[in-house]
Amino acid sequence: MLSLVYKDFYQTRKVLIFCLVIWAVFLGIGMINGAEGGASLVYSFGIIMVNTVLTRILYNEDRYQGTYFMKTLPIKSSLIVTSKFVGGFILVAGSSLMTCLAASIICRMGLHGLTSKDVATATLMSFAFTLVFCGVFLRLYFAYGYAKVAQYMVLATIGIVIIVSVIISTLKELSTAMTLTAIMNQPYWIAIFPIIGIIVYIECWRSALRRFK
Amino acid sequence: MIIEARKLCKKYPNFELRDVDISLPEGYVLGLIGPNGAGKTTTIKLLMDIIGPDAGEIEIFGMHWNEENEETIKQRIGYVGEEQPFYDDMSVKWTSNFVKQFYPNWDEEFYSDLINRFEIDEAKRVGDLSKGNRVRFALALALAHRPHLLILDEPTSGLDPIIRHEILKILAETISDGRRSILFSTHITEDLDKIADYIVLLNDGQVLLSDEKDTIASQTKKVYMRKDEFERLPLDLFIAHNTISNECVAVTTSFDEFRQVYENITGNEPRAFGMTLDEVMLAYAKGEV
């Protein structure tokens, strides 16, 4: 299993390095630019990274008939599907950590009015959104193949980036409101996003398994 | 039996495989022949569990394909596909390292021997290998774990006679211990003349002929006779015939029976000639002599 996950990341190592550069650029803009949008850019990094890397992984599989190749080897069909979902989860977790790190740096510098709670909430929301995006992407890939799915997911990425930006702006505006602060002070509120994300992701994985078989 | 497939069916919008039966005993070579689009690759993909059948049963090494047996069965199979699906941007070395971790019986020494014998540069990207070297590399990967069953889907297609000869030589070496079996799909039937024990002829998704190669050679003959003699014989003795003025040439698939009937009617010995597998395929698939 891990060798399949490692294979995917090894094949996309250049794209991963490229994503690190993007992260640094986004962080730089977030640190320098005092204008609105700096924080949104940082929070959008997760979805951009997951879309870029996942697209490349699935493009490789499609271009070189990777799934066909693996089906000729002694690898269980379920493992072929599961390895992609495990890889996807690692990717989402990694991108969320990087998002959190960048947001924390900005928060420490006292920019964009970000508080630690904002960072935690937005990071977990970003994690949940990205996880759902990744799960749906993989589910559709195993159902319809790369070519059909890739074009729709680019549109979905743009859509999600806009939605995340809007939500973050709204949260920032309301963060002073007592009601929202009270809600966000509850630990379960912060946890609910990733839990929903994980449930959707697991369902996508199970559904992809059934479809692939 | 190493392979036992019964009544395999697979339906696509423009093609249908119908009731295909294939049996391959241990230590033998089965040649799967047929024109392009006959269903050879579909049959092999079904046997390899790359696609699932709509109907029918497949047993490999006495086991059915299922989640539990999938890994065990494939560890005993070496597969060389028509298109050799590899990650072209990865090196030969990386690819072999990736593949070998899935085979507990991987013989590194044997693999290195094969790679050296084929003169393949392991530092090269797979995509930079020539067509011949790509097939050689695929064959090295397929043989390195000493499989009990080798499944080859048109591996010699598009290769020059020297490489084809080399590949056939290696296949002959592979089965020399009498414990390994080969399923060899091809439309270059002369390759099978050299190594096959059994022949299955597919056309338009159906099995037209399935028998031992020697039986086909002894029973499928091209026979020459006069037109009036031909007209006195039962038509079901022939699968193809052609009449030019007073001479008739026909193909019979039951030569012993034909000889008896012919001798009874004409009192003469028939003029009969052996046929190549190409000619047999043409007679069955197109009804042409």
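This is a predicted model: local features need pLDDT of at least 70, side-chain atom pairs count only at pLDDT 80 or more; totals for chains, interfaces and linings use all residues.
Trainee: Let's start with chain A. How many helices and strands are there in it?

Mentor: Chain A has nine helices and zero strands. Along the sequence the pattern reads α-α-α-α-α-α-α-α-α.

Trainee: What share of chain A is buried?

Mentor: Of its 213 residues, 50% are buried. The accessible surface of chain A is about 9,900 Å². Carbon and sulfur atoms hold 71% of that surface.

Trainee: And the contacts in chain A with a separation of 6 or more? What part comes from residues 24 or more positions apart?

Mentor: That part is 82%.

Trainee: Which three residues of chain B supply more of its buried area than any other three?

Mentor: Glu67(B), Pro85(B) and Tyr87(B). They supply 28% of what chain B buries against chain A.

Trainee: How many salt bridges does the structure hold over all chains?

Mentor: The total is 24.

Trainee: Why would side chains pair like that at all?

Mentor: Side chains of opposite charge can pair when their charged atoms come close.

Trainee: Give me a case in chain A. What does Asp8(A) form a salt bridge with?

Mentor: With Lys7(A). The closest N and O atoms are 2.8 Å apart.

Trainee: Are Asp8(A) and Lys7(A) buried or exposed?

Mentor: Both Asp8(A) and Lys7(A) are buried. They also belong to a network of salt bridges, linked with Glu61(A) and Lys84(A).

Trainee: Now chain B. Which side chain meets Glu57(B) in a salt bridge?

Mentor: Arg6(B), at 2.9 Å from N to O. Glu57(B) sits in strand β4 (residues 55-60) and Arg6(B) in strand β1 (residues 3-12), so the pair ties together parts of chain B that are 51 residues apart in sequence.

Trainee: Why do Glu57(B) and Arg6(B) count as partly exposed?

Mentor: Glu57(B) counts as partly exposed because its relative accessibility is 38%. Arg6(B) does so because its relative accessible area is 30%.

Trainee: What about Arg226(B)? Which residue does it form a salt bridge with?

Mentor: Asp228(B), with the closest N and O atoms 3.1 Å apart. Arg226(B) is partly exposed at 37% relative accessible area. Asp228(B) is partly exposed too, at 31% relative accessibility.

Trainee: Last one. Where is Thr220(B)?

Mentor: In the loop between α8 (213-219) and β11 (221-226) of chain B.

Trainee: Buried or exposed, that Thr220(B)?

Mentor: Thr220(B) is buried, because its relative accessibility is 3% and the cut-off for buried is under 20%.

Trainee: Which residues is Thr220(B) in contact with, leaving aside neighbours within four places in sequence?

Mentor: Thr215(B), Val251(B), Thr252(B), Thr253(B), Met275(B) and Val280(B).

Definitions and conventions: Residues are numbered from 1 along each chain as its sequence is written. Chains are lettered from A and ligands numbered from 1 in the order in which they are written. Side-chain values use heavy atoms; hydrogens and water are left out. Buried area is the accessible area (1.4 Å probe) that two parts lose on being put together, summed over both. Helices (H or I, at least four residues) and strands (E, at least two) are DSSP runs, numbered from the N terminus. Buried means under 20% relative accessible area, exposed over 50%, partly exposed in between (1.4 Å probe, protein chains only). Contact means heavy atoms within 4.5 Å. Accessible areas come from the Shrake-Rupley method with a 1.4 Å probe; for residues, only the protein chains shown count as cover. A salt bridge is a side-chain nitrogen of Lys or Arg within 4 Å of a carboxyl oxygen of Asp or Glu.
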